[in-house]
Amino acid sequence: MSGFPGLSFLGPKSKNAVVAGGLTAFVFGVYFYTMRAVGGTDELQMAIDKFEDQKQVETNPKVPSNV
């Protein structure tokens, strides 16, 4: 196997740069897709707020909860 047929005219360092650029683009694409897919909801922050409210009620039962 001689490698990529379309890159035969490039030198070894140039081929490495092309592959590195493609891999970097793929990683950033996956990262931004994931952040967009997960960032639509704020479920984690809601769970943290609920936990903190519950913790506050347990430590000071005279304070009314906001839930």
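I looked up Phe28 first: at 48% relative accessibility, Phe28 counts as partly exposed (buried is under 20% relative accessible area, exposed over 50%, partly exposed in between, with a 1.4 Å probe and protein chains only). The model is predicted, with local features requiring pLDDT of at least 70 and side-chain atom pairs pLDDT 80 or more, whereas totals for chains, interfaces and linings use all residues. Residues are numbered from 1 along each chain as its sequence is written, and side-chain values use heavy atoms, without hydrogens and water.

I then checked the neighbours. Phe32 is exposed at 52% relative accessibility, and Tyr31 is partly exposed at 45%.

I searched the whole structure for aromatic pairs and noted two (rings of Phe, Tyr and Trp, the latter by its six-membered ring, pair if their centres lie within 6.5 Å; planes under 30 degrees apart are stacked, over 60 edge-to-face, the rest tilted). Phe28 and Phe32 are stacked, at 6.3 Å centre to centre and 25° between the planes. Phe28 and Phe32 are four residues apart in helix α1 (residues 12–39), so about one helical turn separates them (helices are DSSP runs of H or I, at least four residues, numbered from the N terminus). Tyr31 and Phe32 have ring centres 5.3 Å apart and planes at 75°, so this pair is edge-to-face. Tyr31 also lies in helix α1.

I recorded Phe28, Tyr31 and Phe32 as one aromatic cluster.

Notes:
Helices (H or I, at least four residues) and strands (E, at least two) are DSSP runs, numbered from the N terminus.
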